[in-house]
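Please keep the structure open beside this note.

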Amino acid sequence: MSEQPTNPPANDDNPEHVETEAGEGGRVLDFPARPVEPTPPADEPAAGPAAVERDRFLTGEIVNHPDDTDPDDEDGGRPVLVDPPAPRRPDGVLPWIGREIERQPIIAPWLRRRDDIRDATKWATGWAWHAAGFHTVRAPLYAARLAARSPRGAVVALANAGRWVGDAESKPLRDGAIRGGEADQYLRLAAAQADRVRARRRLAVVGVLAGAAGLVALDTWAPGWLLGLLAAVAVLLLGRVGTTPDKPVTGRSVVAHKPTRLTSDLVVRALGALGLGEINKAMAKGSNGITFPAPITRDGPGWRADVDLPYGVTVSDIVERRDRLASGLRRPLGCVWPEPAHDAHAGRLVLWVGDQDMSQAKPRPWPLAAHGQADLFRAVPFGMDQRGRLVSILLMFANVLIGAMPRFGKTFALRVLLLAAALDPNAQLRIFELKGTGDLSPLEGCCHHYASGADDQTIEAAMESLREVYAELNTRAKRIASLPRELCPENKVTPELAGRRELGLFPLVVAIDECQELFSHPDHRDEADRLATGIIKRGPAMGVILILATQRPDAKSLPTGVSSNVGIRFCLRVMGQTENDMVLGTSAYKNGIRATTFGPRDKGIGYLLGAADEPQIVRSAYIDGPTAEAIAGRARALRELAGTITGHAAGETRADDRPARSILLDVLAVFAPAEDRLWSETIAARLAQQWPTTYPGTTPATLAAAFKPYGLAPAQVWGTDPDTGEGRNRRGYMRDAITTAWEETERRRRRTDGDST
């Protein structure tokens with residue numbers, strides 16, 4: 001005797017119960033969303049077990065799990081719920097609890113921002129001042145126009161008075177009574193009209209006599225100036241009466257080009273004109289598939305629309321068609337800025353449409369241009385976003401990479417950051433401008449190291465400074481590790497430590513403009529790559545900031561180790577996806593962050609990544625040459641007051657007998673970041689490979705002879721043989737010993753230079 005299944009088999013006559021195969025785990029029963037048959041009354045018996053279980057599914061009383069099996073079921077499983085039922089809300093729970101909601105601000109955002117309030121007040125004041133001046137200058141012209149129109153005004157005034165005395169306004173009523181054959185109505189209207197005309201004639205006579213008497217009295221007793229004033233007023237009033245609407249007296253002080261209000265219909269129309277297949281298919285079916293999760297609102301000097309695109313359409317598809325989108329919205333290209341919503345799905349578009357082209361808007365002055373000083377432990381002002389809001393960058397504990405095509409504002413953006421760093425008197429600046437045009441020369445008076453030029457001498461000076469900074473990393477690491485825990489709880493530079501000059505943990509800013517000249521140099525590219533990568537990785541925690549700028553962001557000119565580890569990136573206009581991703585990071589182009597969309601007029605405008613949680617479109621502050629010199633002069637005065645002018649700014653030069661390069665720094669440069677000891681033959685081989693013209697045929701013996709004046713001697717160090725992979729002791733050197741020797745050499749040199757001066 002075979003066992004019967006718990007649930008009855010499928011019945012073709014019962015459309016409410018359809019059985020489909022679900023594999024070995026059991027059958028799947030698809031029930032309709034609502035019963036086809038009416039629910040039986042409470043006093044009638046249930047239709048059967050299947051109906052009861054169905055109702056329990058629909059009401060959410062039961063939820064089956066794959067392992068919830070019935071031993072009486074020959075298929076080995078109970079029905080599995082395909083679509084989970086809607087959760088039942090307990091009685092008394094408010095309907096909006098548990099939903100994802102976004103609370104709209106009680107006070108408009110622009111009323112909470114001081115800059116927006118100041119801008120609105122400034123605009124209103126400026127408009128009122130302009131309008132008052134415009135009409136004041138043209139007041140004589142307006143008076144002449146009114147005087148010329150006063151005769152016509154007198155005729156119009158007399159005609160209107162005659163119409164009033166003759167009760168002309170009641171004539172249409174009398175004419176209507178005549179046309180309608182209403183004799184009684186006409187007689188009543190005529191009698192009323194006769195009474196009004198009689199009364200008005202009396203009032204007119206009284207008015208004329210009173211006016212004549214007044215004129216005689218004024219002519220007899222009033223001074224001449226009052227008669228002239230009254231006559232002028234009368235002429236002007238008659239001229240106003242004689243003015244027609246199509247010929248106004250005054251002109252327009254401003255011509256307003258009011259931008260079109262952004263509406264959902266405009267957005268849908270513009271998106272439909274992009275030629276995207278999924279949008280076209282959705283609109284062809286009668287449903288555009290475009291929804292707006294939030295109302296379209298004003299956001300600064302423009303409109304913001306949050307848009308959910310049709311399924312399969314991403315924001316990057318819209319961004320690469322920004323010019324078509326601007327055409328669909330009938331707005332200039334510089335007003336339309338589509339961006340991805342990084343905290344939502346890939347189809348959520350944030351569309352901001354400005355009232356004015358971003359490239360044509362008047363730039364705001366840099367907040368630190370006239371007064372004040374900076375603190376690199378706090379964010380420094382950098383520029384404005386497309387909404388006119390200030391954008392700041394925290395330089396401390398970060399590195400910066402700036403990339404762009406030539407002549408699009410790369411050096412100006414770099415100058416803004418360096419001027420901010422110069423206004424921090426505790427920061428040490430090392431600036432190398434490898435283009436040779438002197439764009440950064442205003443900062444020369446604030447720099448510990450400075451060089452400008454496209455020759456090998458400038459590149460060598462930049463390399464020597466990089467070697468010193470790389471060695472400084474080890475010095476600072478040892479110094480931080482030796483400090484008490486209460487002074488340095490996080491094992492990194494703090495504002496308190498930076499303020500203590502004797503510790504040597506002040507902010508150190510290294511800037512290299514046109515860094516592609518350094519990274520593509522045949523003699524220095526490998527070393528420059530290793531030094532810059534090491535500084536980028538280890539420097540932020542020790543107060544070392546590296547800022548690089550390049551106009552050729554490609555794999556050859558910008559090493560991968562550098563481009564992939566920089567924390568803050570600013571990319572102005574570039575031509576291709578490769579250059580875009582070299583500056584902004586891998587997959588930036590794919591994610592819709594495309595500096596390729598900037599046009600020829602978008603100078604100084606770029607994408608800023610790493611300074612905030614989301615990418616920002618920023619226009620860097622514009623600081624011309626004279627303004628930069630004034631700011632740099634104020635920065636030098638701050639440094640003189642703080643006593644922090646050193647190196648190049650203090651007129652210090654290297655001693656004539658000092659070698660052009662230091663063997664200690666070169667040896668430190670061949671140590672990898674994770675290496676603390678090396679064998680002598682390994683150091684010799686790396687020196688010969690890195691600088692074949694400087695260290696040809698270097699051997700452990702010649703290395704020991706070169707180290708002897710510094711008090712260094714080879715010792716037994718443990719290492720791994722690269723040929724056999726076995727560990728063994730050989731003669732070599734410790735990194736810490738070389739670092740200590742270099743520091744002692746520098747102290748002796750400074751002491752000697754001080755005695756000579």
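1. Exposed means over 50% relative accessible area, buried means under 20%, and partly exposed lies in between (1.4 Å probe, protein chains only). The buried residues of α19 are Ala628, Ile631, Ala632, Ala635, Leu638 and Arg639. Seen down the helix axis, they fall within an arc of 110 degrees, so they line one face of α19. That arc is taken from the directions from the helix axis to the C-beta atoms. An α-helix has 3.6 residues a turn, so residues three or four places apart point the same way.

2. **What you are looking at.** This is a predicted model; local features need pLDDT of at least 70, side-chain atom pairs count only at pLDDT 80 or more, and totals for chains, interfaces and linings use all residues. Residues are numbered from 1 along each chain as its sequence is written, and side-chain values use heavy atoms, with hydrogens and water left out.

3. **The whole chain.** The chain has 23 helices and 19 strands. These are DSSP runs numbered from the N terminus: helices are H or I with at least four residues, strands are E with at least two. Of the 757 residues, 40% are buried. The chain exposes about 41800 Å², and carbon and sulfur atoms supply 56% of that area. Accessible areas come from the Shrake-Rupley method with a 1.4 Å probe; for residues, only the protein chains shown count as cover. Take contacts between residues at least 6 apart in sequence: 66% of them join residues at least 24 apart. A contact means heavy atoms within 4.5 Å.

4. **More on α19.** How many residues does α19 have? Helix α19 (residues 625–642) has 18 residues. From first C-alpha to last, α19 reaches 26 Å, close to the 26 Å expected at 1.5 Å a residue. The expected span is 1.5 Å times one less than the number of residues. The buried residues of α19 pack against α12 (410–422) and β10 (428–433). After α19 comes Gly643, with a positive phi near 70 degrees.

5. **Helix α18.** In α18 (residues 577–584), Asn580, Asp581, Met582, Val583 and Leu584 are buried. Their cover includes β9 (400–403), α17 (560–563), β14 and β15 (605–609). Gly585 follows α18, and its phi is positive, near 110 degrees.

6. **Aromatic pairs.** The structure holds 6 aromatic pairs. Rings of Phe, Tyr and Trp (its six-membered ring) pair if their centres lie within 6.5 Å; planes under 30 degrees apart count as stacked, over 60 as edge-to-face and the rest as tilted. Phe382 and Phe570 are edge-to-face, 5.1 Å centre to centre with 90 degrees between the planes. Phe382 lies in strand β7 (residues 380–385) and Phe570 in strand β14 (residues 568–571), so the pair ties together parts 188 residues apart in sequence. Both are buried.

7. Phe412 lies in helix α12, and Tyr622 in the loop between β16 (616–620) and α19, so the pair ties together parts 210 residues apart in sequence. Phe412 is partly exposed at 31% relative accessibility, whereas Tyr622 is exposed at 56%. Elsewhere, ring pairs link Trp337, Phe598 and Tyr607 into a cluster.

8. **Charges over rings.** The charged end of Arg298 sits over the ring of Trp303, 4.9 Å from its centre. Lys603 lies over the face of Phe408, at 4.6 Å from the ring centre. The test is NZ of Lys or CZ of Arg within 6 Å of the ring centre and within 35 degrees of the ring normal. Lys603 is also 7.8 Å from Arg407, C-alpha to C-alpha, although they are 196 residues apart in sequence.

9. **Two residues to check.** Most residues other than glycine have a negative phi. Asn491 has a positive phi near 55 degrees. Is Asn491 buried or partly exposed? Asn491 is partly exposed, at 43% relative accessible area. Glu514 also has a positive phi near 55 degrees, but Glu514 is buried, at 2%.
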